Amino acid sequence: MFSKKFQRKYALTDQGIRNTKKGAFWTVIVNLVVMGGVSILYLMMSGFMGTLTEEGPLPSVALAVGLVLLFVVLSLVTHLQQYKATYGLVYNEVKTTRLSLAERLRKLPLGYFGKRDLADLTETLMGDVNRMEHVWSHVLGYLYGSYISTALIAVCLLVYDWRLALACLWGVPVAFGLLFGSRKMTSRNAERTKKAAVVVSDGIQEALENVREIRATNQEERYLEGLNRKIDEHERIMIRGELGTGLFVNAASVIMRLGVATTILVGANLILSGNIDFMLLFLFLLVITRVYAPFDQSLALIAEMFVSQVSADRMMEIYDTPTAEGAETFNPKGHDIVFEHVSFAYDKKEVLRDVNFTAKEGEITALVGPSGSGKSTCARLAARLWDVTEGAVKVGGVDISTVDPEVLLKDYSMVFQDVVLFDDTVMENIRLGKHGATNEEVLAAAKAANCDEFVRKLPKGYDTPIGENGAKLSGGERQRISIARALLKDAPIVLLDEATASLDVENETKVQGALSRLLAGKTVLVIAHRMRTVEAADKIVVLADGRVAEEGSPAELMAKGGLYRRMVELQQQSAQWSLE
Ligand SMILES: Nc1ncnc2c1ncn2[C@@H]1O[C@H](COP(=O)(O)OP(=O)(O)OP(=O)(O)O)[C@@H](O)[C@H]1O
């Protein structure tokens, strides 16, 4: 139970918790061995003092050398084990944690990425994990090991002489009490610092992503000024936080060290009253220097632990967010997509209300409607990129919210306006459509999507790397690659969102040919703004204000004279104006 809580608190994996226990164990052993060294020193000093005061025999030199050698060997071995258990094992923990966070993120519903943006999540995967790496390697095992060993030593000291023990140990609980008292302030400062750091990385990322727009609008100076302000603010918050923490850590350290003074004071009194001899005081003074050393370090470590709590919480928040789960099998009867009383809200903003329609297999169903009416949202819900708030989306009679998204998406091909490409070759970018597709299959899909001509002109043809998100390609070329990918996948459901929007007329005609091959016999859901694109649709669903305003074939809707007809006429008028 404690173990589980501890594991959550410090965002540790199962292996991590085992490593921490190992680290704490070896820290206890190291501290006890160090105490053994102190005892050897004490025994040797007592021997010499005995010789000096009572003229007894000299202590055996061989025994002394033997004990010192034993101490050195034990010290080396235990330090090595402690090093391995704390620093050595943690690197694997870092790797495992980053991978498991990334895996978790992959399975989270899209809605989550609206709450935490890319810079914020990158900060967790890199910055927060780095901070925790230091806590896992340098803090946890060391700190908890020191607690245990000091408790053991404190019990021994109390048994030996409770008066001297109290005189030297009273500062420890007071110092720790002070530090724990400052915990809220430290955590608050850490949270502020983290937020300011995320604002800075957001700003830097935005500047890099929008460098073209910033230059085009001559906003460089203004943008840099804003960025500078954010960086200054981060620095200011960080310095204030560190100052506060440093103040408390140093005050705690001073209080703890006052224990030396009280030990000397109490010890001197006890010697004068004949209660103890000098050697006992000498032993206590030796021991407290050793007891204080790990605790002194612990004070700074505890402060780091408080600060790291913000990072651990940010990591645990990813683990705690429910993933989009579902059955591992998907056996629909056909591939009709049915929206049944679907309502949907992004956070609290309701976008769709009681939407009902069917996109039949073998037909093209077009979603049209004014901007913001919810067309793209419908497409996202149809592929379970988001889950509906009310009602259900069914494919072949199966409620898709019961199917694992990864399994479900095997039946979907999607061509969206914002094409996602990887920094890889053209060949591999198309091959993503079908895992293990042969080069011949990839080439056939590329030809069908009218890619072949421009790809052959690239320096290395299909083996040309296309840069981050296809930066080296034009909008139309990127779109054609994504169509080739969809053709290669050949899934029974096709979602098209303004698929031919970035193509010129010549290319659009060519790609339309490829698309008609892709669409034959499939369930097709098209989102289009240009009415010309949807004239060939079997059915049109008109959305307005998140509701289905009307539906039917293009001819039926034209005859009806409703919103669809108005939209067609408006577009015809604007086409005429632009020609005039
Ligand atoms: N990720 C999101 N978070 C919050 N609100 C969103 C999100 N995506 C879309 N919206 C809002 O939902 C509403 C519907 O958006 P949607 O993109 O579905 O409309 P659309 O009909 O496809 O619009 P357009 O034709 O302009 O692309 C809009 O008001 C939009 O602002």
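Reading a mixed sheet and its helices

Modeller: The secondary structure of this protein comes to 21 helices and ten strands; helices (H or I, at least four residues) and strands (E, at least two) are DSSP runs, numbered from the N terminus. This is a predicted model: local features need pLDDT of at least 70, side-chain atom pairs count only at pLDDT 80 or more, and totals for chains, interfaces and linings use all residues. Residues are numbered from 1 along each chain as its sequence is written.

Biologist: What share of the residues is buried?

Modeller: A residue is buried if 20 or more other C-beta atoms, placed from the backbone, lie within 10 Å of its own, exposed if 12 or fewer, and partly exposed in between. Of the 580 residues in the protein, 32% are buried.

Biologist: In what order do the strands form the open sheet?

Modeller: Two strands pair if DSSP finds at least two bridges between them. Here six strands form an open sheet, in the order β6-β7-β8-β3-β9-β10, with mixed pairing. The edge strands, β6 (412-415) and β10 (547-552), each pair on one side only.

Biologist: How many bridges join β7 to β8?

Modeller: Five bridges join β7 (residues 493-497) to β8 (residues 523-527), and the two run parallel. L495 stands opposite L525 in β8.

Biologist: Which strands does helix α12 touch?

Modeller: Contact means that the C-beta atoms of two residues, placed from the backbone, lie within 7 Å. Axes are lines fitted to C-alpha atoms, for helices over the stretch in contact, and angles run from 0 to 180 degrees between N-to-C directions. Helix α12 (residues 375-382) packs on the sheet and touches β3 (364-368), β7, β8 and β9 (539-544); its direction makes about 150° with that of β8.
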